[in-house]
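Biologist: I would like to learn how to read local features in a model. Where do we start?

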Amino acid sequence: MNTPNSRRALFFLIAFLSLSKTVHARKTGLETDAVRIPPVFWYEHDAQTDRTFLMAFLLYWQSQDAENSFKLIAPLYYSSKGPDESMRVLLPIHYRSTAKNSSTTLWGPYFEKTNLTARSRFVVPLFWDYKPFDKTLESHQLLFPIYYKTEDDRQKSVVSPFFWIYKDTEVSQGLVPPYLWRKTDESAFEVGFPLYWRFFKKESDGINDIQVAVPWFRLRSKTWSLRSFFPLYWGSSREKSSWDIFFPLVYHTKTADGFEKTVSPLYSKFTDPDGKVYGHGLLSFYSHEPWGGKTEGFFPFFLYRDELARTKFRFLFYNVEQENDGEHFNTSLFPLFKYKRDADRRQFLTPIAYWDGDSDGTRGYFANLFWRTDAENKKFFFFPLAWHSRSHSGSTTVFPPLLAFHQDEDYRFSMVAPFYFRRQKGDDVLKVVFPFVSRVSPERTWRGLFFLYWKTDKPDRHAVTLLPLFRHSSFPGGTSLYLPGMYVLNADSGTQGVAGIYLWDHRGRTQYNILPPVYWDFRRPTWSVKTFIPFYKFRSEEIVEKGFFPLIAKTDPVQSDSPDVPRHFLANSHRVLPFYFYRDLEHGHDLWLPFILGRFEKGLNSKKEEVSRGRIFLLSYWERTPKTYLNRLDPVYSYYRTPESKGFSLPTAPFPLWKYEVTDRDDPNKKAVQGALFPYYWKENKTFRRDFVLPVFYKSKLMTEDGTEVKSKKTWLLLYFDSQKPQEQKSVSFFAPLYFKFRNKDRLTRIFPPVWTDKSDTKSRQIVFPVFFRSADTAQDRQTIFFPGYWSSKDSASSSMLAGPVFRKEDFKTKEKMTLTFPLYLHLKSPKHDLAYAFPLYFRHQHQEYDSRILFPIFWNFKDQTSEVRVIPPYFSVESKTEHTKTTGVAPLWSLIRSTENQAMNFQFLGGLVGVEKDAEGKKEFTILYLFKI
């Protein structure tokens, strides 16, 4: 307790005995209003100090003045209030006390105390909590037997028979079965056995973060990550792009230039680098431009488009389109009407009428009447009876299908079908008076009797035609004659013609004689071909070929005058298809046998070496040179040999069952050997060795470039895995799920469930789950030990211990000690105060300014610099150093108040039934039956 609480207790005891008001009134000589009927009723009121006191049946007590008040309902309830403090007691379940800077509350098994420095809470016998308001100090919380927690601004520790958690500024680690973790800024290791695993190392250049939470996993490096919720979800992130796929519902991708795409059957969204956003949702679609334009719609009902200069809207068959400057407007309800307005033009359209007008004129139709008028032209069309058009240059009138008249400046047309037709275009006049036809112009004259006889005269050409019997024409340098089944052209350059199925042309560079399909003779300056089916002969500047088309042929070369002309591919060859094709090469031969899909070849390769090669049925292939040899029979086997390497393999696909290959044989630094003897595979060179036994074993070793030291090695055998990097002092080995080992130059971790061992240069941990835990940190001089029923942690600044229901903590710097025997005993001790509490009977609190002791219900003692209170029921004693008085008594029989400086005293029996008062000068006054004073 503090000083205000001591004063409150003093005031309560004095009020309880009904003595303080009487003594004070008589000492000052002031009169009071009083009604006293002991022991049934007592009432006093002091108008000068506005103080009131009330008692009823010795069970109800009340006192109130300007600053203080109290109530007592014996023996269960007590309440008092002052300027800076208050108290409320409801026996046996409630107690609450508040002062200016502290408060104390008790509700049955719950106790709480708060002051300027901390807050303490108890729930007997299971819960205890101590929380200082200064975050640099350590807080404690115990929920027995579930967990115990300590925390400050640097570290946090939670210990339990069921789990363990520790966290400080450098590391976070713990065990909540089946989850185990250790995290730092540089690394992380997490296992939620058997479905969750994580391995993270910050300084790694490759994949440095692996997470598996079956069926989810993620692989991540500094610049790349791959994640999957197998098999439906896959995602990847890179420095400049990312994508996500959720089969078959959603696909999302994003790149560094701002392009973003989200696609699903029900929804899509696309964001272009220039800021354009577009997509769809169910039957709706949209597009938003960065400059403000947008398109929105709901297929097939609704469409809205806002462009930079135009706005469009459509709902089913209704359309609206307008320019944003207000000059153009277009609306329609298909197929009922359409209206269009421009700056100087109006259009209105319905199925039976159309009107279009502007400053130049009008146009349109009504039923089968069509018109168009302007300042210079007029057109009327009464479909299908009449059509009239007039302009400044001419006019046209038509009465289909018999009459038509047209004239302009240089063209006239008249027709009275079917008897008369005349057309004049300049000096060219065409006239038809059926069946006579004539056309006269300055260049030629053409007359005929439609449609049998025609005669044409030109200055240099004359022709007479009597269809279908003949046509004869003469022209400078020759004539032509056409008769049924025959055509002949004679000219200075030669003749050309057709006689039945025979065709010839003896003019120009290309000449031919053809009697299809038996005889062909076709000649060009560079080649010629002559056939008499099935025999043919072909000749060019490079070859001469004879044969029976298309199966048999022989090709001879033509000697060229220039040695630089390349040899034709078919030269010196002969063939009988489909049996063989043979070429005689300069250094060998080339034989094709199509019926066995084979080829046999001998000649020179690109290195001018003799080479022979062949293939049969596309499966067997061989090739031989003076230095190399290759033989394959797909997919059975393959063998090759070169000066630098050799090897064989069988089968050749899809993977070898038996293989041996050596490359770079003459260079010890590069020589490599790889082989297979199913299911065993291996590969080896100076710096690398790999062994693999499908599907149970894998081993690899990587050496330094000089081959003297091991750079890394890996071994895998079913559930066993081992990886070593001696130069980096890193290693990983485990036999899942029985044994795990992780080692680098700073740290060694071993897991042999349920045993966990962790060691480094400054830290070590041993865990036997769930019964034992030990941790030692030499850098911070901290040691922690835990096993069921016991926990201990100690460093250079403090120590903590929990043994069953006993908890003890000591701060070496502040010399503060705390001992808790849960749930009955608490002891807090520091150089400035000492607090002991044995629930529910004993309480002691010592401070530099006060001392409180309670042994309920036989002893109370409250002492501070101004007063001291002692209670040994029913005896009590109150000594006030400020008022220089001492009060003693046996409640509720008698009380005595004496001054320590003079003769003043006040004695009352049964609350004033009989009393004696003495002032400072020794004068006495007697009280009888509460009312009568002598």
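Modeller: With burial. Buried means under 20% relative accessible area, exposed means over 50%, and partly exposed lies in between. This model is predicted.

Biologist: Is Asp-691 buried or exposed?

Modeller: Asp-691 has a relative accessible area of 8%. The cut-off for buried is under 20%, so Asp-691 is buried. Asp-691 belongs to strand S75, residues 688-693.

Biologist: Which side chains make polar contacts with Asp-691?

Modeller: The side chain of Tyr-680 does, at 2.3 Å. The side chain of Arg-689 does too, at 2.8 Å.

Biologist: Now a charged surface. Which residues form the negative surface patch?

Modeller: Glu-409, Asp-410, Asp-427 and Glu-443 form it. Take Asp-410. Asp-410 sits in the loop between strand S44 (403-407) and strand S45 (411-416).

Biologist: Why does Asp-410 count as exposed?

Modeller: Because its relative accessible area is 52%, and exposed means over 50%.

Biologist: Next, the backbone. What is the general rule for phi and for peptide bonds?

Modeller: Most residues other than glycine have a negative phi, and most peptide bonds are trans. Now the cases that depart from that.

Biologist: Which peptide bonds are cis?

Modeller: One of them joins Phe-383 and Pro-384, with omega about -5°. Pro-384 lies in the loop between strand S41 (378-382) and strand S42 (386-390). Another runs from Pro-873 to Pro-874, with omega near 0°. Pro-874 is in the loop between strand S95 (867-872) and strand S96 (875-880).

Biologist: And phi? What is the phi of Leu-597?

Modeller: Positive, about 50°, although Leu-597 is not a glycine. Leu-597 is in the loop between strand S65 (588-593) and strand S66 (598-604). Its relative accessible area is 44%, so Leu-597 is partly exposed.

Biologist: What about Leu-618?

Modeller: Leu-618 is not a glycine either, and has a positive phi of about 60°. Look for Leu-618 in the loop between strand S67 (610-616) and strand S68 (620-624). At 53% relative accessibility, Leu-618 counts as exposed.

Note on methods: Residues numbered from 1 in each chain as written. Predicted model: local features only at pLDDT ≥ 70, side-chain atom pairs only at ≥ 80, totals over all residues. Heavy atoms only, no water. Patch = residues over 30% accessible without salt bridge, like charges linked within 9 Å, V, L, I, M, F, W, Y side chains within 5 Å. Areas by Shrake-Rupley, 256 points an atom, 1.4 Å probe, with all protein chains shown as cover. Salt bridge = Lys/Arg side-chain N within 4 Å of Asp/Glu carboxyl O. Lys, Arg positive; Asp, Glu negative; His and termini not counted. Charge placed at Lys NZ, Arg CZ, Asp CG, Glu CD. Helix = DSSP H or I, 4+ residues; strand = E, 2+ residues; numbered from the N terminus. Buried < 20%, exposed > 50% of the residue type's maximum accessible area, 1.4 Å probe, protein only. Polar contact = N/O pair within 3.5 Å; in protein donor to acceptor, adjacent residues only side chain to side chain.
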